[in-house]
Amino acid sequence: MSDLQATDTQAPALSQPTALIHHAYRPPADFAAPAPGVHKASTVFFPNVAALRSRDWKDKSAYTYGLHGTPTTFTLEERIATLEGGAHCVLAPSGLAAIALVDMAFLRAGDELLIPHNAYGPNKSFAAVELAGWGIQARYYDPMDPADLAARLSAQTRLVWLEAAGSVTLEFPDLPALTSLVRAANQGRTRPIVSVLDNTWGAGVAFCGFELGADIVMQALTKYPSGGGDVLMGSVVTRDPALHRELLLTHMRLGLGVGANDAELVLRGLPSIALRYAAQDAAARELAGWMQSQPGVKQVLHPALPGSAGHETWRRDASGAASLFTVVFDDSLSPERVVAFCDALKLFRLGYSWAGPVSLCMPYERADMRGRDWQHAHGPVRFAVGLEAVADLRADLAQALEVLRG
Ligand SMILES: *Cc1c(COP(=O)(O)O)cnc(C)c1O
């Protein structure tokens, strides 16, 4: 206590708890370092009532409350907007929360939304339960057939989801064809249809969603931008300020916020995203090609493989691929053998998500493939390649393939 009083003889003596809260602090003005500072707040102080009344967080030029942005979240938003080639960004606590945010910002009772039938499963579940309960009807289209989308656009359609490549089955759709159909349908509409791309697979690295025609680009930052397998976050990026404002206001009313430490983890992952994406892509392609020639394997799905749906479109529109490939096993194998194969893997761990350092395996049930015209006896097994040495991963697959064949 005597030290505190000795440093400033003008100030009234403070008790220890007060002194610790009101401790002198000078922000580091000349401290430049690779990582931006991590700023935490629920409360943000205003110097006076005039400042309080003049501050508006909506253009991100001022701080008002932690939920509406901190220097850390504003910095991450700017970088994610840059990653996606957009102008504005809002952050959500998970990729799925970002999906729900987009739906809730643009859909009202009586509206319809269109979702590709191979979309990320929880996107469809949210539509089937919450949106349906609010009087919003989801319809499903074949993303590999633009005519099918065209036939399903109606006067009630308000939102069209896109995904490239499709979750699990990894078909690569013709995004410019799909988005130009949406734009054509908007001629003369008072409430235009909004197209939104789930860009988690491309990550803003393999292609630019806006250049391929999407109005909104959403991403699970949980995957490549983080790269660590240790944080959940989502983003919604726009070029159009009017769309951004609608998202931002819904975001505020829903109270969606992200923590500064989580934002810090994603900021830390971003500088290496292009390198990680390329390295994991190369490793996945090597393993996918090798798997294709293995006995017991019926087909390997990966957009870079010539037999995969949308291969030519992927070649035209993308400069890389996420490190995912999906294996379809021979129909003659028993389901138990496929389970034994998955259980035999040692380096590939069983777990959801992808783009972290650890390679993952996820067997899907055949029943999960309903509505996708799935012609195979087994559900697909999806592999997510991490950052291990390819030779070790190949050896792991080889020993599990021995178990598969019994
Ligand atoms: C993982 C994922 C999501 C959801 O992200 P979470 O952060 O896990 O909620 C959404 N879309 C796709 C394509 C994903 O792979």
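How many cavities of 30 Å³ or more does the count come to? The count comes to one, and it gets its own view below. This is a predicted model, where local features need pLDDT of at least 70 and side-chain atom pairs count only at pLDDT 80 or more, while totals for chains, interfaces and linings use all residues. Residues are numbered from 1 along each chain as its sequence is written, and side-chain values use heavy atoms, with hydrogens and water left out.

View 1. The shell holds 14 residues, a residue being near if one of its heavy atoms lies within 4 Å of the molecule. Gly 95, Leu 96, Asp 198, Thr 222 and Lys 223 are the closest. By class, the shell has six nonpolar, five polar and three charged residues; here Ala, Val, Leu, Ile, Met, Phe, Trp, Tyr, Cys and Pro count as nonpolar, Asp, Glu, Lys and Arg as charged, and the others, Gly among them, as polar. Helix α5 (residues 95-106) gives the most to it, three residues; helices (H or I, at least four residues) and strands (E, at least two) are DSSP runs, numbered from the N terminus.

View 2. A polar side-chain atom of Thr 222 sits 2.6 Å from a ligand oxygen. On the backbone side, an N or O atom of Gly 95 is 2.7 Å from an oxygen atom of the ligand, and a polar backbone atom of Leu 96 is 2.8 Å from one. Taken alone the ligand exposes 380 Å², and the protein buries 90% of that (Shrake-Rupley method, 1.4 Å probe).

**View 3. The largest pocket.** Here is where the ligand sits, meaning more than half of its atoms lie within 2 Å of the pocket's grid points. A pocket is an open set of points on a 1 Å grid over the protein atoms alone, with protein on both sides within 12 Å along at least five of seven lines; a cavity is a set where a 1.4 Å probe fits but cannot get out, and lining residues have an atom within 4 Å of a point. The pocket's volume, the space filled by probe spheres set on the points, is about 610 Å³. Among its 33 lining residues, Tyr 120, Gly 121, Pro 122, Ser 167 and Lys 223 are the closest to its centre. Helix α6 supplies the largest share, four residues.

**View 4. The largest cavity.** About 140 Å³ of space lies in here. Its lining has 17 residues, with Leu 67, His 68, Gly 69, Glu 77 and His 251 closest to the centre. At least two residues each come from α4 (71-84), β1 (88-92) and α9 (241-254).

Terms used:
A polar contact is a pair of N or O atoms within 3.5 Å; within protein, one must be able to donate a hydrogen and the other to accept it, and residues adjacent in sequence count only if both atoms are side-chain atoms.
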